[in-house]
Amino acid sequence: MSLMTTRKSLKPARLGVTLVKAKVLHDRVVEYTLSDGRKIRRDFSLVTGGVFNSKKWIDPKNFAKARVSDGEPSWPGELDFCPDVVLRGGLKGRVPAFAF
């Protein structure tokens, strides 16, 4: 089970689903299959700063190797992403890497 923070209590709460598979659709858009069979799409084009400015993140060939490892979105080169952000609806606006 994946954990997320509730707005009211800021304590972990069970979300009930996890990420199980990733498929890059185009550019910086990834489609994730959830443990309950639903599919969600997330746009990572706004992620910038820190390791997300590295060649590993910017290189389209490396980005195309998106996968799910232990329920977390990840890429080769030790790049990973918080599954809670992906599950809760993705990114809104420009998001610096230190926000994760």
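In the predicted model examined here, Phe 44 is buried, and Trp 75 is buried as well. The rings of these two residues have centres 5.4 Å apart and planes at 80°, so that the pair is classed as edge-to-face. Parts of the chain that are distant from each other are linked by this pair, since Phe 44 belongs to the loop between strand E5 (39-43) and strand E6 (47-48), whereas Trp 75 belongs to strand E8 (residues 72-75), 31 residues apart. A further contact of this kind is made between Trp 57 and Trp 75, whose ring centres are 4.9 Å apart and whose planes stand at 80°, so this pair too is edge-to-face. Because Trp 57 is located in helix H1 (residues 55-58) and Trp 75 in strand E8, the pair ties together parts that are 18 residues apart in sequence. Trp 57 and Trp 75 are both buried.

In total, the structure holds 10 aromatic pairs. Through ring pairs, Tyr 32, Phe 44, Phe 52, Trp 57, Phe 63, Trp 75 and Phe 81 are linked into a cluster. A charged residue is also found over two of these rings: Arg 28 lies over the face of Trp 57, at 5.6 Å from the ring centre, and the charged end of Arg 28 sits over the ring of Phe 63 as well, 4.5 Å from the centre of that ring.

The largest nonpolar core comprises 20 residues, of which Leu 19, Val 30, Tyr 32, Phe 44, Trp 57, Trp 75 and Phe 81 touch the most other members. At least two residues of this core are supplied by each of strand E3 (19-26), strand E4 (29-34) and helix H3 (83-88). The surroundings of Tyr 32 can be described in more detail: when residues up to four places away in sequence are not counted, Tyr 32 touches Leu 19, Lys 21, Ala 22, Arg 38, Lys 39, Ile 40, Arg 42, Phe 44, Val 68, Pro 73, Trp 75 and Val 86.

Attention then turns to the sheet. An open sheet of 3 strands is present in the order E3-E4-E5, and the pairing is antiparallel. Strands E3 and E5 stand at the edges with a single partner strand each, so one side of each is left without a neighbour in the sheet. From one strand to the next, the twist averages 25°.

The pairing of E3 with E4 is antiparallel and extends over 6 bridges, with Leu 19 standing opposite Leu 34 in E4. The hairpin formed by E3 and E4 has 2 residues between the strands, and in this hairpin Asp 27 takes a positive phi near 40°. Strands E4 and E5 likewise pair in the antiparallel sense, over 5 bridges, and Val 29 stands opposite Asp 43 in E5. In the hairpin of E4 and E5, which has 4 residues between the strands, a positive phi near 95° is taken by Gly 37.

Side chains in a regular strand alternate between the two faces of the sheet. In strand E4 both faces are covered, as Val 29, Glu 31 and Thr 33 on one side and Val 30, Tyr 32 and Leu 34 on the other are all buried. With 6 of the 6 residues of E4 buried, this strand is therefore largely enclosed by the rest of the structure.

His 26 lies in strand E3, and the bridge partner of His 26 in E4 is Val 29. The relative accessible area of His 26 is 49%, and this residue is accordingly partly exposed. Although His 26 and Pro 60 are 34 residues apart along the chain, their C-alpha atoms are separated by 9.6 Å. Gly 16, in turn, is placed in the loop between strand E2 (12-14) and E3, and at 42% relative accessibility Gly 16 counts as partly exposed.

Terms used
Residues are numbered from 1 along each chain as its sequence is written. This is a predicted model: local features need pLDDT of at least 70, side-chain atom pairs count only at pLDDT 80 or more; totals for chains, interfaces and linings use all residues. Side-chain values use heavy atoms; hydrogens and water are left out. A nonpolar core is a set of buried Ala, Val, Leu, Ile, Met, Phe, Trp, Tyr and Cys residues joined through side-chain atoms within 4.5 Å. Buried means under 20% relative accessible area, exposed over 50%, partly exposed in between (1.4 Å probe, protein chains only). Contact means heavy atoms within 4.5 Å. Rings of Phe, Tyr and Trp (its six-membered ring) pair if their centres lie within 6.5 Å; planes under 30 degrees apart count as stacked, over 60 as edge-to-face and the rest as tilted. A charge sits over a ring if NZ of Lys or CZ of Arg is within 6 Å of the ring centre and within 35 degrees of the ring normal. Two strands pair if DSSP finds at least two bridges between them. Axes are lines fitted to C-alpha atoms, for helices over the stretch in contact, and angles run from 0 to 180 degrees between N-to-C directions.
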